[in-house]
Amino acid sequence: WQENPFKVLAGVGIPSVLYIFKGRTEKAHLQVQSMIMHTRVFGQGLVLMSLLGIMSFKAYMDHTGKFITEAEAEKRVEDMEEAHEDFITKLESNNEDEEHIKRLVDEIRRAKVQK
């Protein structure tokens, strides 16, 4: 939900405002205009407080990053170790290839000198 905080706000706000309106309609002494006005005022307050809370939490999560489980952290460590081993293997292979090419070049030069 961190990527779409407004969907969360809508998911919390709409049912809450409907619940507030339902609570106002149970009060028989209020006129319809008063029920709507009360619902709007209380609904706006609830949605604004929800917005502040959700956006504050989103800003905190954006700043500190997403939390991962220990299993995910272990998996990342294993992936990094595998990548490191692959890199070292490729580096050694490249060094061996370079040494082989140098030996071939030296042999060719010696062969040219001997002719």
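R24 is found in helix α1 (residues 5-25); helices here are DSSP runs of H or I with at least four residues, numbered from the N terminus. This is a predicted model, in which local features need pLDDT of at least 70 and side-chain atom pairs count only at pLDDT 80 or more, while totals for chains, interfaces and linings use all residues. Residues are numbered from 1 along each chain as its sequence is written, and side-chain values use heavy atoms, with hydrogens and water left out.

A salt bridge asks for a side-chain nitrogen of Lys or Arg within 4 Å of a carboxyl oxygen of Asp or Glu. Lys and Arg count as positive, Asp and Glu as negative, and His and the chain ends are not counted.

Setting aside neighbours within four places in sequence, R24 is in contact with L30, M35, H38, T39 and F42, where contact means heavy atoms within 4.5 Å.

## Salt bridges

How many salt bridges does the rule give? The count comes to three. One joins the side chains of E26 and K22, at 3.1 Å from N to O. E26 is exposed, with a relative accessible area of 58%, and K22 is partly exposed at 47%.

K58 pairs with D62, with the closest N and O atoms 2.8 Å apart. Both lie in helix α2 (residues 32-64), four residues apart, about one turn of the helix. D62 counts as partly exposed, at 46% relative accessibility.

In helix α3, D79 and K75 are likewise four residues apart, about one turn of the helix, and their closest N and O atoms are 3.1 Å apart in a salt bridge. D79 is partly exposed at 34% relative accessibility, and K75 is partly exposed at 46%.

## A negative patch

Now for the surface: E70, E74, E78, E81, E82, E85 and D86 form a negative patch. Patch residues have over 30% relative accessible area and no salt bridge, with like charges joined within 9 Å. Each charge is placed at NZ of Lys, CZ of Arg, CG of Asp or CD of Glu, and accessible areas come from the Shrake-Rupley method with a 1.4 Å probe.

One member, E70, is found in helix α3 (residues 70-114). E70 is exposed, with a relative accessible area of 63%.

Notes
Patch = residues over 30% accessible without salt bridge, like charges linked within 9 Å, V, L, I, M, F, W, Y side chains within 5 Å. Helix = DSSP H or I, 4+ residues; strand = E, 2+ residues; numbered from the N terminus. Buried < 20%, exposed > 50% of the residue type's maximum accessible area, 1.4 Å probe, protein only.
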